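Subject: Structure handover and notes

Hello,

Here is the structure for you to take over. My notes on what was found in it follow below.

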Amino acid sequence: MESVLERAKGKKPLKWKRLVLLGILAAAAVLAVLLLRQGGPRASASAAYTEAPVERRTITSALTGSGTLLPANAYTVTTLAEGDILSAAFEEGDLVEKDTVLYEIDSSDAANNIEKAQLSLNQAQRSYEDALDGQYVRANGSGTLFSLLADVGDEVSQGQEIAVIRDSSAMKLTVLFPADDAEGFYVGQAAEVLLDGSFETMEGTVTAVSGSDLVGAGNMITRNVTVTVENPGGLGTEQAASATINGVGCAASGTFACRSEHRVTAAASGTVAAVHVQEGQTVSRDQALLTLGGDALEDKIQSARDNLRSAELSMDSTRNQLDSYTVTSPIRGTVVDKQYKAGDTAEGGKTLCTIYDLSWLELTMDIDELDISKISVGQAVQVTAEAAEGRTYAGTVTKVSVLGTTSGGVTSYPVTVRIDETEGLRPGMNADAEIILEQAEDVLAVPVESVSRGGLVLITADSPSASGAADREAPEGYVYAAVETGVSDDGYIQITSGLQEGDTAAYLPSSGSNAAMLPGGMGMPMGGGTPSGGPSGAPGGGPGGMGGGPMG
């Protein structure tokens, strides 16, 4: 029993101590309430806020990225030609114009190949023309079509006689004269022709005197003499006549012959597709008499056409090869690398030199898929490079690619920037670029963190705009002002209405890791939860109910 009583007695002091502690805490709570009512937290609360004046600033909204500078154009100069380099009159660093001769390579072998190709082309051209002409049967002389031996649908063979053409505008009479007399005759000598039957006489001209003697009747030695007369229209090959030259008559009469007679043959086999003339019609040399057709003829023409085309391509290729022995600059630019010099042996396909067009430089930067819609051709860009410290270069967006690259579930799109003023910059340097999305100059601005959800800014109660404060419970010494915002950057946001110069904004700084997006896309920190003791009506969170920053 005593031990139990002793334990009971030992607990009494502990209970008493607990009651004393509770009393002290209650007194402290009462004291805290009294201090709050007397304005004591004003000092501690204000110490937790960062205050910033509403001031005028230039605000620039931009996207940033980086990349490697590249020349406007870059060409590696090569050639398919192989041979000794005869000349290479340029050096690294030289500025060369477009089409400037860089290299001359020995082309003696190529010149021989050109000549051979030309001969082959000429032969193929003639063969094609012959094949093409083979589909026509043409007159081989001028005159009257005496006979036509083929009609439409007839099959003719190569070499077959098709027509006879006679020129009867003048008639020839060949007769025998005594050799002794004929020996004194000459071409162009006047003669008189006597027509048998009508005894009509005609003026003629000696056109041929044979140099061979013939033995005629009664062992008379004679020679053939040809006399030509103009045909008035009635002379035919059946007409007989005699001739007298220089008072000497011929030994015997003869019959007239046409001035010329041409027998036309087919140059190719085929079927007569068309007849273009009629017997008795006057024709001229090379005039088409018939057109031939048929598979065999078409195949021959097509084969000749193919051979000609092959020869033309071979000729073009050989000429191009010759052109490659003279290597010219493809652009106006600066030689940045020269790998072959005069005396070296050029190898086909190897790089001879490299030329950069440094008229401007380009930079390609990757833009996130969430921001690419904000980028357009023509936007201004500010470019900086560590190698050109302290300088900022003006650039312009020249291309926004529609082909993106996805990595880790995020897609980015390349954007090309052109920089025209490049002093101090070189291809290969790393550079940073800032694309200007929007800019406002000399505008009222407050720190981004001071704007909370709903477009409210906490300002000091003594600010000029406090008189128009929003009906919203605020920490002691502060009021809320309803504002409208504009352009924003990483630190400040434009105030288009609701505040004026002389106002002082207040906010609780927050971690950049809790960023949200304001309307307009500007990243801003988000506030935390409302701590104990904050007014229940205050937006956001923080001592006294002030949001830790704008909420997205």
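**The charged network**

R263 has a relative accessible area of 46%, so R263 counts as partly exposed (buried means under 20% relative accessible area, exposed over 50%, and partly exposed in between, with a 1.4 Å probe and protein chains only). R263 forms a salt bridge with E261, and the closest N and O atoms are 3.2 Å apart (a salt bridge is a side-chain nitrogen of Lys or Arg within 4 Å of a carboxyl oxygen of Asp or Glu). Salt bridges with shared partners join E161, R166, E261 and R263 into one network.

Before going on, two notes on the source. This is a predicted model, in which local features need pLDDT of at least 70 and side-chain atom pairs count only at pLDDT 80 or more, while totals for chains, interfaces and linings use all residues. Residues are numbered from 1 along each chain as its sequence is written, and side-chain values use heavy atoms, with hydrogens and water left out.

Helices (H or I, at least four residues) and strands (E, at least two) are DSSP runs, numbered from the N terminus. The charged end of R166 sits over the ring of F146, 3.6 Å from its centre (NZ of Lys or CZ of Arg must be within 6 Å of the ring centre and within 35 degrees of the ring normal).

The structure holds 16 salt bridges. One of them is between D133 and R138, where the closest N and O atoms are 2.6 Å apart. D133 is partly exposed, with a relative accessible area of 34%, and R138 is partly exposed at 30%. Elsewhere, the charged end of R418 sits over the ring of W360, 3.6 Å from its centre.

**The chain as a whole**

The protein chain has five helices and 36 strands. Of its 552 residues, 36% are buried. Among contacts between residues at least 6 apart in sequence, 71% join residues at least 24 apart (contact means heavy atoms within 4.5 Å).

Four strands form an open sheet in the order 6-19-17-8, with antiparallel pairing (two strands pair if DSSP finds at least two bridges between them). Strand 6 (136-138) and strand 8 (155-156) are the edge strands, and each pairs on one side only. Strand 8 is paired with strand 17 (residues 270-275) in the antiparallel sense over two bridges. In this pairing, E155 stands opposite T271 in strand 17.

**Aromatic pairs**

There are three aromatic pairs in the structure (rings of Phe, Tyr and Trp, the last by its six-membered ring, pair if their centres lie within 6.5 Å; planes under 30 degrees apart count as stacked, over 60 as edge-to-face and the rest as tilted). One of them is Y49 with Y478: the ring centres are 5.1 Å apart and the planes stand at 50°, so the pair is tilted. Y49 lies in the loop between helix 2 (40-48) and strand 1 (50-53) and Y478 in strand 31 (residues 478-482), so the pair ties together parts that are 429 residues apart in sequence. Both Y49 and Y478 are buried. F177 and F185 form an edge-to-face pair, at 5.2 Å centre to centre and 85° between the planes. F177 is buried at 0% relative accessibility, and F185 is buried at 9%.

**Two buried strand residues**

T460 lies in strand 30 (residues 456-460). With a relative accessible area of 8%, T460 is buried. Its side chain makes a polar contact with the side chain of D462, at 2.6 Å (a polar contact is a pair of N or O atoms within 3.5 Å; within protein, one must be able to donate a hydrogen and the other to accept it, and residues adjacent in sequence count only if both atoms are side-chain atoms). Leaving aside neighbours within four places in sequence, T460 is in contact with E51, A466, G477, Y478, V479 and T504. Y478 is thus listed here as well as in the tilted pair.

S242 is found in strand 14 (residues 240-245) and is buried at 17% relative accessibility. Not counting residues up to four places away in sequence, S242 touches residues including L173, E192, V193 and C250.

Regards
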